[in-house]
Amino acid sequence: MSPADTLRFAAAAALGNRLRSALMVLAMSIGVAAVVVLTALGDGARRYVVGEFAALGASLVIVLPGRTETGGVNPGSFITSTPRDLTVDDAAALLRAPSVNRVAPLAVGNAELSSGGRVREAMVVGTSADYLDLRKMALSAGRFLPREDFSRASGLAVIGETLRAEFFGNGPAVGRSIRAGDRRLRVIGVLAPAGQGLGMNSDEMLIVPVATAQAMFDTNTLFRIMVEARGREALGAAQREMETILRARHDGELDVTLISQDAVLGTFDRILGALTLGVAGIAAISLAVAGILVMNVMLVAVTQRTAEIGLLMALGASGRLIRTAFLVEAALLSIAGAAVGFLLGHAGAWAIRLAYPVLPAWPPAWAVAAAVGTALVTGLGFGVMPARRAARLDPVQALARR
Amino acid sequence: MAQIELEHIERIFRLGDSEVHALRDVSLRIEAGEYLAVMGPSGSGKSTLLNLLGLLDRPNAGHYRLEGRDVTTLSADEQARVRSARIGFVFQSFHLVPRLSAAENIGLPLMLAGVAPAERAQRVAQALADFGLEQRAGHRPEELSGGQRQRVAIARATIMRPAMLLADEPTGNLDRSTGQEVTALLEALNAGGTTLIVVTHDPVMGARARRRVLMEDGAIRRDEAVAPAAP
Ligand SMILES: Nc1ncnc2c1ncn2[C@@H]1O[C@H](COP(=O)(O)OP(=O)(O)OP(=O)(O)O)[C@@H](O)[C@H]1O
Ligand SMILES: [Mg+2]
């Protein structure tokens, strides 16, 4: 039988039992669509997070107190019991490193804000003049913190858009005063609305000089220090210089952790990549289930068409021809299922993008290829057994079946 | 050399512990162009004999020579090729493929044999004309009468121009007059040179054959050549 005839014959056989074929195509397409939609979701989440971090800037290094060991236990970790805290003097010292451009110390806490009889809790961030550029934020009114010594606790504040709206409404905010805890602060600037970012929402933030925040929270330690190197190429040099400076300042011990955006991005990329892969794996299980359904459906087809198989044998069809015909039928149904699933999956991803515009939910090409490939392979693989069963039928007994 | 030579054929079915001796020591020679009726009571082994002749079944012992060639030892694929080229089957229950039209059913053996579509269409058209089925070419089997269905089946059985036609009770599902039409059709094909072997319960049809083989309990009881009855 010629390939074209085999194809036509198998297609007619598949169309001969519409319900059976429709069920099989449905099962297959659900599996494929699940892979496409779920990986679109996972990969969209990955891209979203990576995009958020990328906004931080490529030349940024964050200094955290304490040593996070990734390569096993360091003997040093037994010698010192508690790591030394980070201080504003550490931050000032880092500014002297040749490859460092900007430094912003960070002291963070919550405080009760009040102004004009209105009261609310908000996050207070103590930092310095460079924070605005480091975080790539903008102002909608007034100015940012002045460039002054890290140890000066002036009573100035820059507020987020939400706080401005809640406390001052339509009136001007710059020049007004606001209480934070037991301190009176003068508002000198308002941050431009930024919306929800990673970690902190700058719209609900109150920014004060770092010494002011430390005094408010009665501490002389820092939450972390944000450092910007002189360009992306200087990042490695800057990290080495910073380590040298901090080691010298901390009695020869490096009890801080330096995180660069690259490292964070790499980690998130790996975590979310693994998540996407896991999700794809779960979806692939539904494909395997679809494969078993294919086998079942084809076995039923062989049983239903036993007399026909006997007839084909009597008319001179070889076992191989009958095997091929049934395999092609299974393949056609799988292809149809994969195609429908492909379209369904893309429609689903489109719907997700419509519902959550911030999420770039595009299915990765590898996932789409893998889903369609797996559908075809399972369809064919699980079609082999029924096809062989058909080819091995005894013609006399098959013909006797009605 | 006879077209068909059976020598000491045995066919035994095993069902659990019991054995059914469907054919015992059957020897038979059939010349090309013969018209032979196989008769006998139910369960006497007529269908088993026909299946063996059609290479759908293998004997447990004995030899089957078809046109001088021992076909009992052929592989399944080789037997399929012989069936395709030399043997046509007509069944009591027609065995048409329900989703295919009359024309497609008739063309099925050509398609299986890989005959090109153009030649196929031409030969099917000729067969439709020969069997008076032009008006029914596009009809599905369920839209045809019993007699028309059997005519489609006979057209299909002869489309490869086989050397012999094997018919197992071809008129068993038809009323008397359509049965006679079908019988006449088969006899016309036989008159054209095709060997015709018919299994039948119908004494009228049996009486028309030029040779009658009577089977009983798996063995040939009587084998008589007779002058054809007057039509
Ligand atoms: N596949 C099989 N398994 C077991 N026994 C079988 C099988 N096929 C046929 N037989 C037995 O072999 C014997 C001959 O059967 P066969 O079908 O040849 O009879 P028949 O002469 O065609 O009968 P009928 O006129 O009823 O069609 C019967 O006893 C039957 O039960
Ligand atoms: Mg019978």
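A: We begin with a term: a polar contact is a pair of N or O atoms within 3.5 Å; within protein, one must be able to donate a hydrogen and the other to accept it, and residues adjacent in sequence count only if both atoms are side-chain atoms. Between chain A and chain B, five residue pairs are in polar contact, both residues being at pLDDT 80 or more. This is a predicted model, in which local features need pLDDT of at least 70 and side-chain atom pairs count only at pLDDT 80 or more, while totals for chains, interfaces and linings use all residues. Residues are numbered from 1 along each chain as its sequence is written, chains are lettered from A in the order in which they are written, and side-chain values use heavy atoms, with hydrogens and water left out.

Q: Which elements of chain A give two or more residues to the side that touches chain B?

A: Helices (H or I, at least four residues) and strands (E, at least two) are DSSP runs, numbered from the N terminus. The elements in question are α1 (3-16), α10 (306-314), α11 (319-355) and α13 (395-400) of chain A. The residues on that side divide into 15 nonpolar, four polar and seven charged; here Ala, Val, Leu, Ile, Met, Phe, Trp, Tyr, Cys and Pro count as nonpolar, Asp, Glu, Lys and Arg as charged, and the others, Gly among them, as polar.

Q: How is the size of an interface given?

A: Often as the accessible area lost when the parts come together. The buried area is taken with a 1.4 Å probe and summed over both parts. Chain A and chain B bury about 2,000 Å² between them, 65% of it on carbon and sulfur atoms.

Q: How many salt bridges are there between chain A and chain B?

A: A salt bridge is a side-chain nitrogen of Lys or Arg within 4 Å of a carboxyl oxygen of Asp or Glu. The count between chain A and chain B is two. B:Arg120 forms a salt bridge with A:Asp5, with the closest N and O atoms 2.6 Å apart. Over all chains the count comes to 30. Within chain A, A:Arg20 and A:Glu329 meet in a salt bridge at 2.8 Å, N to O. A:Arg20 lies in helix α2 (residues 18-54) and A:Glu329 in helix α11, so the pair ties together parts that are 309 residues apart in sequence.

Q: What is the strand order of the open sheet in chain B?

A: Strands of a sheet pair through backbone hydrogen bonds, either parallel or antiparallel. Two strands pair if DSSP finds at least two bridges between them. The order is β2-β1-β4-β5, with antiparallel pairing. The edge strands are β2 (18-30) and β5 (69-70) of chain B. Strand β1 (residues 4-15) of chain B pairs with β2(B) over nine bridges, and B:Ile9 has B:Val26 in β2(B) as its bridge partner.

Notes: Buried area is the accessible area (1.4 Å probe) that two parts lose on being put together, summed over both.
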